[in-house]
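Here are my notes for a first look at this one. Have it open beside you and take the points in order.

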Amino acid sequence: MGDYSSEREIVMKARRQRKIQELVTGQTIRTQDELCLQLDAFGFKATQATVSRDIKELGLVKVPGPGDDYHYAMANEAQTVGVQERLEKVCRDIVTACACSDNLVVVRTLPGNAQALAILLDNVGWQEVMGTIAGDDTVFMAVRQRAGAELVRKRLQGFME
């Protein structure tokens, strides 16, 4: 009888964790209490302590949203969102100029900041960008096609405004 009970608990835990992944991917969940309420609405009875363990096991993280708001996200989703937001802020703060030539985008920064920018550009996941090389105040981005270079330049220019 004990084996059946533990198997059932394992199955229910897996279902609950799948629902948690679905919920945090599909909507904004700010707190563990909100997550408990959402789970309850779908027939999953879970305490805050159980939800806390699930969050840890699933590797969920809190990411910034609009304003000063934070919400739960899957770690891989959070990484991309976090990088994009940091890139936008860094561009506003340190980028001084941006131009393209053929399939290269050249980004000028305040002195000592190019490598930090290059790391963000390498990790933001833009399909057009093949890679970056950074010096002290200049980043060279290799872009797959000439048209992609102009697109990347415009994107960066938009962040600077």
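1. Some ground rules before we start. What you have is a predicted model, in which local features need pLDDT of at least 70 and side-chain atom pairs count only at pLDDT 80 or more, while totals for chains, interfaces and linings use all residues. Residues are numbered from 1 along each chain as its sequence is written, and side-chain values use heavy atoms, with hydrogens and water left out.

2. Start with the sheet. Four strands make up an open sheet, in the order β3-β4-β6-β5, with antiparallel pairing. The edges belong to β3 (95-101) and β5 (129-134); each has a single partner strand, so one side of each has no neighbour in the sheet. From one strand to the next, the twist averages 20°. As for the terms, strands (E, at least two residues) and helices (H or I, at least four) are DSSP runs numbered from the N terminus, and two strands pair if DSSP finds at least two bridges between them.

3. β5 pairs with β6 (residues 138-143) in the antiparallel sense, over five bridges.

4. Another is α6 (residues 146-160), running at about 165° to β3. Axes here are lines fitted to C-alpha atoms, for helices over the stretch in contact, and angles run from 0 to 180 degrees between N-to-C directions. Contact means heavy atoms within 4.5 Å.

5. (Buried is under 20% relative accessible area, exposed over 50%, and partly exposed in between, with a 1.4 Å probe and protein chains only.) After α5 comes Gly125, with a positive phi near 90°.

6. Next, a helix pair. The axes of α2 (residues 32-41) and α3 (residues 48-58) come within 9 Å and cross at roughly 105°. That makes α2 and α3 roughly perpendicular to each other (65 to 115 degrees; under 35 is roughly parallel, over 145 roughly antiparallel, and the rest oblique). At the meeting point, α2 brings Gln32, Asp33, Leu35, Cys36 and Leu39, and α3 brings Gln48, Val51, Ser52 and Ile55.

7. Last, the charges. How many salt bridges does a search of the whole structure find? The count is 10, where a salt bridge is a side-chain nitrogen of Lys or Arg within 4 Å of a carboxyl oxygen of Asp or Glu. One of them joins Glu22 and Lys19, at 2.8 Å from N to O. These two sit three residues apart in α1 (residues 2-26), so about one helical turn separates Glu22 from Lys19. Lys19 is buried, at 13% relative accessible area.

8. Two further salt bridges deserve a look. Asp40 and Lys45 have their closest N and O atoms 2.6 Å apart; Asp40 is partly exposed at 36%, whereas Lys45 is exposed at 70%. In the bridge between Arg30 and Glu34, the closest N and O atoms are 4.0 Å apart. Arg30 is partly exposed at 34% relative accessibility, and Glu34 is partly exposed at 25%.
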